Amino acid sequence: METTIVERKKQTFSGSVARFRELGLLGFILVLCTLVQLRNPSFLTLENVNDLMTNTAILSILAVGMMLVIVTRGIDLSIGATLALSGMIAALTVSKFPELHPLLAIVIGTAVGLACGIVLGFLVSRFGILPIIATLGMMNVFRGLTFMASGGKWVSAHQMPGSFKSIATGSILGVNTLIFIAIVTYIVFYYFISHTRTGRQIYAVGSNPESAKISGINNEKILWLVYSIMGGLSGLAGVLWVSKFASAQGDTAMGYELSVIAACVLGGVSIAGGSGKISGIILGSILLGILNNALPLINVSPFWQTGIQGSIILVAVIINALVKRGVDRNNLMRRKI
């Protein structure tokens, strides 16, 4: 009974720290928005805010999958290549069959991404290959397949039917389609993480794989699942990306996985695994979106923009490390000898 009470106290304290960290991130976002607005009054206009949210939607969708992967102590460096391959297959399909319904194009792209994720999950879970090695290798495989599928050529806007391009420009219930899909994605995965046994098992595997296995959790199944989810979301993002930019290229989203990882880290997802919240990655994605949108508006040199973003990410990592150290120290002091 005493052990249970202590564990509950630990969880309560950790949850309080996470909420404090999220409130701090929210406060930083508000201060940043205020300062940018003072420099450029067009920043908080309805048009610019809509552009900001639309541009952030794809990043935020990918951040959900990446959070699940990182929670299990993994990493996925192949999502940019998976996105490019899925987007290219969808673009080639709609260019050949212009009458194809946009929903079918989304299903095709998502299926391609899901297949990529299943392969990755199999390599990591069944063969025990380190995630960074497996995803780095498959990144090059998927990128090569993209160039092979397209013959090294682009699929340009005039080759795509208007119905496909309208995926990104259309709206559902008065909300831009990209933003609507991102909101639905967050709602679904919030429920999945918070109210299903599998969602709790994902965190258990990330917190302590050995204990999770002893308690009867199938670690291999969980790892296979999270990489499959990441692949499916990457496929969905690939279709949305190609529709938004009306262009499919072999080098689409090259290096984009670093931005997704950064959004997770900014949102408080622990690289050590076992820790991360949906609300945190929402704030992390929004902060990156604001930086990408605001820095050009206040005439910050492109050479400084990347450095500023990197510095903010580094500060976030340091703060997360200090917070984790404080939590561990507090838990150690609470432990009875």
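1. On one side of helix H5, Ile-133, Asn-140 and Met-148 are exposed, where exposed means over 50% relative accessible area, buried means under 20% and partly exposed lies in between, with a 1.4 Å probe and protein chains only. The buried residues of H5 are Pro-131, Ala-134, Thr-135, Met-138, Met-139, Phe-142, Arg-143, Thr-146 and Ser-150. Seen down the axis of H5, these buried residues fall within an arc of 160°, so they line one face of the helix; the arc is that of the directions from the helix axis to the C-beta atoms.

2. A word on the model itself: it is predicted, local features need pLDDT of at least 70, side-chain atom pairs count only at pLDDT 80 or more, and totals for chains, interfaces and linings use all residues. Residues are numbered from 1 along each chain as its sequence is written, and side-chain values use heavy atoms, with hydrogens and water left out.

3. Helix H5 covers residues 131–150, and with its 20 residues reaches 28 Å from the first C-alpha to the last, which is close to the 28 Å expected at 1.5 Å a residue, the expected span being 1.5 Å times one less than the number of residues. Among the elements that cover the buried residues of H5 are helix H3 (79–96), helix H4 (102–125), H10 and helix H11 (256–266). After H5 comes Gly-151, with a positive phi near 65°.

4. Taken as a whole, the protein has 13 helices and two strands; helices (H or I, at least four residues) and strands (E, at least two) are DSSP runs, numbered from the N terminus. Of its 337 residues, 48% count as buried. The accessible surface comes to about 17,100 Å², and 67% of that belongs to carbon and sulfur atoms; such areas come from the Shrake-Rupley method with a 1.4 Å probe, and for residues only the protein chains shown count as cover. Among contacts with a separation of 6 or more, residues 24 or more positions apart account for 80%, a contact being heavy atoms within 4.5 Å.

5. In helix H8, which spans residues 197–207, the buried residues are Gly-199, Ile-202, Tyr-203, Val-205 and Gly-206. They cover an arc of only 160° around the axis, which puts them on the same side of H8. What do the buried residues of H8 pack against? Their partners are helix H2 (46–71), helix H7 (177–195), helix H9 (209–214) and helix H10 (219–245).

6. The largest nonpolar core has 94 residues, and those with the most contacts inside it are Met-67 and Ile-281; a core of this kind is a set of buried Ala, Val, Leu, Ile, Met, Phe, Trp, Tyr and Cys residues joined through side-chain atoms within 4.5 Å. Helix H2 supplies the largest share of this core, 14 residues. Not counting residues up to four places away in sequence, Ile-281 touches Ala-63, Val-64, Met-67, Tyr-186, Ala-263, Cys-264, Gly-267 and Val-269.

7. Two further residues deserve a look. Thr-185 lies in helix H7 and, at 8% relative accessibility, counts as buried; leaving out residues up to four places away in sequence, Thr-185 touches Ile-61, Val-64 and Leu-233. Ile-286 is found in helix H12 (residues 278–297) and is partly exposed, with a relative accessible area of 22%. Its contacts, apart from neighbours within four places in sequence, are with Ile-29 and Thr-56. The C-alpha atoms of Ile-286 and Met-53 are separated by 7.7 Å, although these residues are 233 apart along the chain.

8. There are four aromatic pairs, counted when rings of Phe, Tyr and Trp (its six-membered ring) have centres within 6.5 Å; planes under 30 degrees apart count as stacked, over 60 as edge-to-face and the rest as tilted. The rings of Phe-189 and Phe-192 have centres 6.1 Å apart and planes at 85°, so this pair is edge-to-face. Phe-189 and Phe-192 are both buried. The rings of Trp-241 and Phe-245 have centres 5.2 Å apart and planes at 50°, so this pair is tilted. Being four residues apart in helix H10, Trp-241 and Phe-245 are separated by about one helical turn. Trp-241, at 15% relative accessibility, counts as buried, whereas Phe-245, at 46%, counts as partly exposed. Ring pairs link Trp-241, Phe-245 and Tyr-256 into a cluster.
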